[in-house]
Amino acid sequence: MRPHRLLCSLLLVAAAGLGTAGATPAAARPAADPVPLDRIVPAPVSARPAPGVHRLTERTAIRVPGATGETKRVAAYLADVLRPSTGYALPVTARGGDGIVLRLAAKAPEIRKLGAEGYRLTVTGRAVTLTAARPAGLFHGVQTLRQLLPAAAERRTAQPGPWTIAAGTITDTPRYAYRGAMLDVSRHFFSVDKVKRYIDQLALYKINKLHLHLSDDQGWRIAIDSWPRLATYGGSTQVGGGPGGYYTKADYKEIVRYAQSRYLTVVPEIDMPGHTNAALASYAELNCDGVAPPLYTGTEVGFSSFCVPKQVTYDFVDDVVRELAAMTPGPYLHIGGDEAHSTSHEDYVTFMNKVQPVVAEYGKTVVGWHQLTGATPIKGAVAQYWGYDATGAAEKAQVVGAAKKGTKLVLSPADRAYMDMQYTKDTPWGLHWAGYVSVRRSYDWDPGSYLPGAPAGSVLGVEAPLWSETLSRSDQVEYMAFPRLPGIAELGWSPVSTHDWDTYKVRIASQAPRWEALGIDYYRSPEVPWPAE
């Protein structure tokens with residue numbers, strides 16, 4: 001047996017040598033088939049393939065002729081993505097030439113009509129040229145370019161390549177201006193780094209709003225100088241009694257900054273008048289009887305309420321909104337308003353009608369859950385619809401009536417867009433009060449016609465909320481979000497003419513190697529024809 005073992009050892013050594021110093025140069029290896037232009041998620045407005053490919057090499061540069069600071073930052077972002085896997089220097093330079101070219105052309109009529117987020121990507125044998133009117137368009141185009149490269153391009157260690165990109169032209173612009181995802185950091189607290197990880201995942205699919213649910217019965221997660229116990233006491237626990245946590249103002253500003261670098265706008269939410277136990281426990285005077293309840297670590301809803309008749313309630317709201325608005329450069333501030341079961345209808349209307357002008361006073365657009373339409377939405381207000389099949393006709397009619405009067409809508413139907421709903425009864429995390437939400441069900445609906453009677457122009461966009469009663473780790477968040485989140489992103493970005501489950505399921509299946517390269521956990525739904533493992 002010894003000669004046989006020796007021969008095996010020699011063969012293993014030889015094979016190892018072929019994988020290192022004796023490896024076939026990338027230029028000499030046969031190129032794998034490039035990713036077809038029609039595999040992009042979200043589906044682009046137009047994708048016209050052409051013969052040939054473009055190949056990245058050690059001589060490739062990323063060129064930003066006449067660049068602004070933002071264009072250079074987008075180019076640097078692309079270089080940071082590709083340098084580890086390719087091993088190439090990929091210098092960012094203002095000099096003209098071939099390679100990867102990022103260019104702003106706001107004065108060109110054919111580019112200007114693509115708007116602030118649109119782009120045109122042209123790939124030839126000589127160059128990859130990405131053109132947009134604004135830097136956000138360049139950034140979204142970079143996400144498309146990433147998907148046209150092999151999935152191994154996403155890895156953080158050197159990969160063998162080759163790095164080929166299919167030739168052709170993609171012209172793209174979003175259907176809706178608002179394409180959001182919500183992360184509930186109140187039921188379970190997620191650190192700044194975990195939020196940043198989710199931001200990077202959202203950016204891959206051209207999501208442009210990050211809604212942070214910053215307060216609830218189980219935890220208050222943002223420092224407010226004028227009411228410091230909100231964070232230090234109200235933020236000291238979470239569902240199940242864990243340590244909780246909160247964001248300092250510096251933490252929050254870092255989340256906002258990081259989101260902006262990925263062209264996402266942060267939408268902060270302070271839920272009220274219900275979902276307020278953490279605040280009520282922190283300050284006794286916010287309770288009608290002046291007695292602070294204990295901190296809460298369960299998952300029931302609807303039992304808490306601010307004291308609507310007390311003036312201190314509105315002093316509190318003014319302070320919180322003022323401080324939060326000052327930290328938030330985006331236009332939106334969410335005031336919640338859902339499941340206020342312990343607030344009488346009369347008090348609810350009084351409260352919401354008093355609070356909305358406070359938000360406007362500090363320069364922000366009011367967003368509320370769709371129960372806001374049961375009060376009097378102020379001009380410019382946005383209602384976030386989270387109803388589902390079981391929602392009563394009267395409640396839906398109330399929302400539609402507000403939309404007809406000018407209230408804009410963000411659609412988050414719970415039995416379609418709630419990422420915390422279980423896929424099936426066997427899903428290890430999540431809830432199912434709105435039903436089980438399969439990958440197909442989360443994708444197979446049209447925001448433009450979802451609420452019959454609502455004017456098409458009233459739909460501002462879509463959002464995929466992810467509540468965290470059962471979720472405390474990033475891998476759990478990813479498992480519940482992927483593969484459903486990219487489908488919601490596509491509903492927000494892509495033309496309705498591209499919405500087709502049979503073609504989508506093939507495109508989403510092709511994303512799996514990319515998620516694996518990025519270390520994203522995901523649910524291997526039997527509805528999707530995943531690549532063989």
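1. A residue counts as buried when its relative accessible area is under 20%. Leu-90 has a relative accessible area of 0%, and it is therefore buried. This is a predicted model, and everything in this note should be read with that in mind. Leu-90 is found in the loop between helix 2 (69–86) and strand 3 (92–93), and its phi is near 45°, a positive value in a residue other than glycine. Most residues other than glycine have a negative phi, which is the reason for pointing this one out.

2. Val-41 and Pro-42 are joined by a cis peptide bond, with omega about -5°, and Pro-42 has its place in the loop between helix 1 (2–18) and strand 1 (46–56). A cis peptide bond also joins Gly-161 and Pro-162, where omega is about 0°, and Pro-162 is placed in the loop between helix 4 and strand 7 (163–172). Most peptide bonds are trans.

3. What surrounds His-211, and is this residue buried or exposed? His-211 belongs to strand 9, which covers residues 209–213, and because its relative accessibility is 0%, it counts as buried. Its side chain makes a polar contact of 2.7 Å with the side chain of Glu-269, and another polar contact, also given as 2.7 Å, with the side chain of Glu-463. Leaving out residues up to four places away in sequence, the residues that His-211 touches include Ala-181, Met-182, Leu-183, Val-267, His-334, Trp-369 and Gln-384, together with the two glutamates, Glu-269 and Glu-463.

4. The aromatic rings form 30 pairs by the rule used here. In one of them, the ring centres of Phe-139 and Tyr-263 are 5.2 Å apart and the planes stand at 40°, so the pair is tilted. Phe-139 lies in helix 4 (residues 135–148), whereas Tyr-263 lies in the loop between helix 7 (249–261) and strand 12 (265–269), so that the pair ties together parts 124 residues apart in sequence. Both Phe-139 and Tyr-263 are buried.

5. A further aromatic pair, formed by Trp-429 and Tyr-479, is edge-to-face, with 5.4 Å from centre to centre and 85° between the planes. Trp-429 lies in the loop between helix 12 (414–417) and helix 13 (439–443), while Tyr-479 lies in helix 14 (residues 474–481), so this pair ties together parts that are 50 residues apart in sequence. Tyr-479 counts as buried because its relative accessibility is 16%.

6. Aromatic rings can also be followed from one pair to the next. Ring pairs link Trp-220, Trp-227, Tyr-283, Phe-306, Tyr-314, Phe-316 and Phe-351 into a cluster.

How values were computed
Residues numbered from 1 in each chain as written. Predicted model: local features only at pLDDT ≥ 70, side-chain atom pairs only at ≥ 80, totals over all residues. Heavy atoms only, no water. Helix = DSSP H or I, 4+ residues; strand = E, 2+ residues; numbered from the N terminus. Buried < 20%, exposed > 50% of the residue type's maximum accessible area, 1.4 Å probe, protein only. Polar contact = N/O pair within 3.5 Å; in protein donor to acceptor, adjacent residues only side chain to side chain. Contact = heavy atoms within 4.5 Å. Phe/Tyr/Trp six-rings, centres within 6.5 Å; stacked < 30°, edge-to-face > 60°.
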